[in-house]
Amino acid sequence: MALLELSSVTKKYGETRAVDDLSFDIERGSFVSLLGPSGCGKTTTLQMIAGFEPVTSGEIRLNGRDLLGIPARKRGLGIVFQTYALFMHMTAAQNVAFGLEMRSIGKTERQRRVKNALDLVHLSHLADRYPRAMSGGQRQRVALARALVIEPDLLLLDEPLSNLDAKLREEMQLELRRIQRDADVTTLMVTHDQAEAMALSDRVVVMKDGRLQQDAAPFDVYETPTTSFVSSFLGKSNNVDATLTGSTPAGSTIEAGGMQLAGPATDLAPGPVEIALRPERIEVTDTDPIMKGKVLERVFLGNQWLMRVEAPLGDLLILRRNAGRREAEVGDTVGLGWKPEHLRILPRPEAPR
């Protein structure tokens with residue numbers, strides 16, 4: 001049985017559905033991310049699980065127990081807020097001990113658990129330091145220790161790395177995953193950062209407009225998106241309107257940009273579709289290219305080259321690994337190719353209402 005279960009959870013503000021019929025579950029010990037753009041309902045979902053927002057309809061269960069009638073302070077959840085919410089007049093150890101004091105844990109046990117929590121986040125040497133004298137990463141780890149010291153069934157993280165600079169954020173991703181595994185605590189994180197979600201998570205739950213778009217392992221969400229939104233939101237993607245003309249178990253045929261293309265087998269019915277192709281799947285080749293294009297832009301990224309190429313399918317983004325030589329120059333005509341199985345065939349998105 002899953003540790004956390006959400007069943008048809010809906011949150012309405014007047015006539016607006018911030019969360020709409022959302023269902024997913026989390027297995028014990030796993031790390032799951034709620035991923036989506038601002039306003040998609042992910043933070044509202046976290047707040048309903050925490051007990052800070054009432055649920056309009058649906059069920060939320062933790063260890064089989066209905067949470068909806070239980071006040072936030074009695075749900076036994078560890079929470080790390082985006083701002084960390086540390087007490088600036090308390091030392092790191094005092095901040096970590098605060099939740100235990102509120103639960104009337106005895107002094108000896110409290111000291112033991114505070115030490116263990118600070119050891120876990122590698123901050124024992126800063127136990128007597130105040131937050132104002134700490135770096136952003138150190139404050140974040142104090143907030144984590146404070147959430148973990150109560151030994152919660154579930155740890156909730158609300159954009160925990162968003163206040164850190166890019167380099168520190170990458171370092172803290174590794175540290176956060178280590179802490180989660182060492183503590184063996186089931187974790188649900190809210191983030192709008194696709195790379196962060198894929199780097200940290202066992203599963204990614206992608207949301208848009210309050211609704212679930214896809215729930216799968218990071219590799220599967222990236223490589224086999226099920227909607228146009230997921231393909232374009234997670235990383236770079238070339239998405240093109242097309243027509244599916246036929247499909248067999250051996251593959252499909254597609255019309256796009258005035259060309260006939262081969263693609264993988266699909267369960268979609270013939271008719272209007274959208275095709276998606278990751279920039280790193282497109283090869284620049286002189287051998288039997290599928291089409292030719294003109295290089296419009298070229299940017300050197302260090303380990304990669306990013307190019308924009310004018311082609312029959314429209315302007316295509318192409319990522320090329322830096323192999324130690326210069327790529328095609330702006331204005332050059334290049335051949336483009338890819339394997340049929342790298343083409344993703346998706347339902348064409350509905351027009352905005």
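**Close-ups of a predicted model**

**View 1. The second largest pocket, with about 470 Å³ of space in it.** Like the other views here, this one comes from a predicted model. The pocket's lining runs to 19 residues, and the ones nearest its centre are Leu77, Ile79, Phe81, Arg103 and Ile150. If you go by secondary structure, β6 (78-80), α2 (92-102) and α4 (136-148) each put at least two residues into the lining. Sorted by class, the lining of this second largest pocket comes out as 12 nonpolar, three polar and four charged residues.

**View 2. The largest nonpolar core, a set of 36 residues.** Val96, Leu118, Leu144, Leu155 and Leu157 are the members that touch the most others. The largest share belongs to α4, with six residues. As background, nonpolar side chains in soluble globular proteins tend to be buried together.

**View 3. Zooming in on Leu118 and its contacts.** Skip residues up to four places away in sequence, and Leu118 touches Ala93, Val96, Leu123, Ser124, Ala127 and Ala145. Elsewhere there's a second, separate core of 26 residues, with Leu22, Leu34, Leu188 and Val190 among them.

**View 4. Arg177, a residue of helix α5.** Is Arg177 buried or exposed? Its relative accessible area is 9%, so Arg177 counts as buried, the cut-off being under 20%. With neighbours within four places in sequence set aside, Arg177 is in contact with Phe31, Leu200, Ser201 and Asp202.

Note on methods
Residues numbered from 1 in each chain as written. Predicted model: local features only at pLDDT ≥ 70, side-chain atom pairs only at ≥ 80, totals over all residues. Heavy atoms only, no water. 1 Å grid on protein atoms, 1.4 Å probe; cavity = no way out; pocket = protein on both sides within 12 Å on 5 of 7 lines; lining within 4 Å. Points joined across faces, edges and corners; volume = space filled by probe spheres on them. Helix = DSSP H or I, 4+ residues; strand = E, 2+ residues; numbered from the N terminus. Nonpolar A, V, L, I, M, F, W, Y, C, P; charged D, E, K, R; others polar. Core = buried A, V, L, I, M, F, W, Y, C linked by side-chain atoms within 4.5 Å. Buried < 20%, exposed > 50% of the residue type's maximum accessible area, 1.4 Å probe, protein only. Contact = heavy atoms within 4.5 Å.
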